Amino acid sequence: GEFMSWLLHQLHIGLGGTRKPGSSVIHEIFQGKVQVTTMTEPRNESNDKGGEEEDDRGGSDEEPDQPQAPLAPQHLKTNEHKPQAMVGTTTETHFLQLTLDITEKPLFRDEDGGLVIPQEPLVNVLKKFDGVSFSDALAQNGEAQMKRYQLLKLPPYLILHLARFKSNRYSREKNPTIVAFPVKNFDLSDYVHIPGGREKPPTEAEVRAMNVKDLKALLARHGQDALAKNVVEKSELVEATVDFVVKSLPDLLAEKYNLVANITHDSPSDVGREGKHDPLQEGSYKCHVQHKATGQWYLMQDLHVEETMPQLIGLSESYLLIFERQI
């Protein structure tokens, strides 16, 4: 996750990007926007010597005039309701990837002595960004805070970093919990807040009642100008627009994504749990990549490439997920 953040930032700079959002193709493809609400206990200004926590695991491309808003603090627990007797500040910042914390779960052994690996749905891990829950966090100065994250805009390609590794001064530990996620039609509409509400597609009756100018404007607004080309009769334009509104527009208005790549870190499940071994030394990285023209999935490790089934992707210890917005 840290390497991906560094790589995207270096590519952004190398392509002439600046701190201005959208100033490079990297920003256009991977940059999203999030609103962060930070709650702190009121205190005297004379005692205010600490600073905000700085954590660039969500991307390091914030505007210089915007306060830094960390995307991945150390979370302790989640609360559904706004804390009482605390002072809140709200900032907006941009991200190139979202860092998700996986709940630590105990490992159990089955009747044969093998370890039973726990599972967690991705929707539970994404609760951090539901715009409702407050999560406990610590600032750099040790001050207790509570943060809420509300997604405002998702990019064409969404990178999710599952934070599996924890380090202390003695050892590095890995959380082997399997995060279950959909390969297709991953709907994030409920996580994105759109001021004024999400646009609703017109009904078939409303489309048929439109004039030619309104029909063309509707198609152009959603990037479907080509449907209006070479159409002579209004009836043909109406049928083409109705077909688009019924079959394609609902998915375009929704925040639906398909998986295009999945980077995993495989290691024995007990490695790193007792601090005897370093999971990064014992494990290995693999990558699932989809060939878009054929839809075939491949498992890649170094120079070894083999075909695989999409049903097996969700059973791996995913570390980085890359989703593409449906168009």
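## A guided look at this predicted model

Threonine 99 has its place in strand E4 (residues 98–101).

Student: Is threonine 99 buried or exposed?

Tutor: Buried means a relative accessible area under 20%. Threonine 99 has a relative accessibility of 0%, so it counts as buried.

Student: Which side chain does the side chain of threonine 99 join in a polar contact?

Tutor: We are still in strand E4, where threonine 99 lies. The contact spans 3.4 Å, and the partner is histidine 161.

Student: How many helices and strands does the chain have, and what share of its residues count as buried?

Tutor: The chain has nine helices and 19 strands. Of its 327 residues, the share that count as buried is 43%.

Student: How is the aromatic pair of phenylalanine 165 and tyrosine 319 arranged, and what is the angle between the planes?

Tutor: The structure holds six aromatic pairs. In the pair of phenylalanine 165 and tyrosine 319, the centres are 5.6 Å apart. An angle over 60 degrees counts as edge-to-face, and this pair is edge-to-face at 75°.

Student: Why does this pair tie together parts of the chain, and how many residues apart are they?

Tutor: Phenylalanine 165 lies in strand E11 (residues 165–167), whereas tyrosine 319 lies in strand E19 (residues 318–325). The pair therefore ties together parts whose separation in sequence is 154 residues.

Student: Which residue forms a salt bridge with glutamate 92?

Tutor: Glutamate 92 is in strand E3 (residues 87–95), and its partner is in strand E1 (residues 32–40), 59 residues apart. The closest N and O atoms are 3.2 Å apart, and the partner is lysine 33.

Student: Which helices hold arginine 208 and glutamate 239?

Tutor: The side chains of these two residues meet in a salt bridge of 2.8 Å, N to O. The pair ties together parts that are 31 residues apart in sequence, because arginine 208 lies in helix H4 and glutamate 239 in helix H6.

Student: Is lysine 247 buried or exposed?

Tutor: Lysine 247 forms a salt bridge with aspartate 243, and both lie in helix H6, four residues apart. Exposed means over 50% relative accessible area. At 61% relative accessibility, lysine 247 therefore counts as exposed.

Conventions: Residues numbered from 1 in each chain as written. Predicted model: local features only at pLDDT ≥ 70, side-chain atom pairs only at ≥ 80, totals over all residues. Heavy atoms only, no water. Phe/Tyr/Trp six-rings, centres within 6.5 Å; stacked < 30°, edge-to-face > 60°. Helix = DSSP H or I, 4+ residues; strand = E, 2+ residues; numbered from the N terminus. Buried < 20%, exposed > 50% of the residue type's maximum accessible area, 1.4 Å probe, protein only. Polar contact = N/O pair within 3.5 Å; in protein donor to acceptor, adjacent residues only side chain to side chain. Salt bridge = Lys/Arg side-chain N within 4 Å of Asp/Glu carboxyl O.
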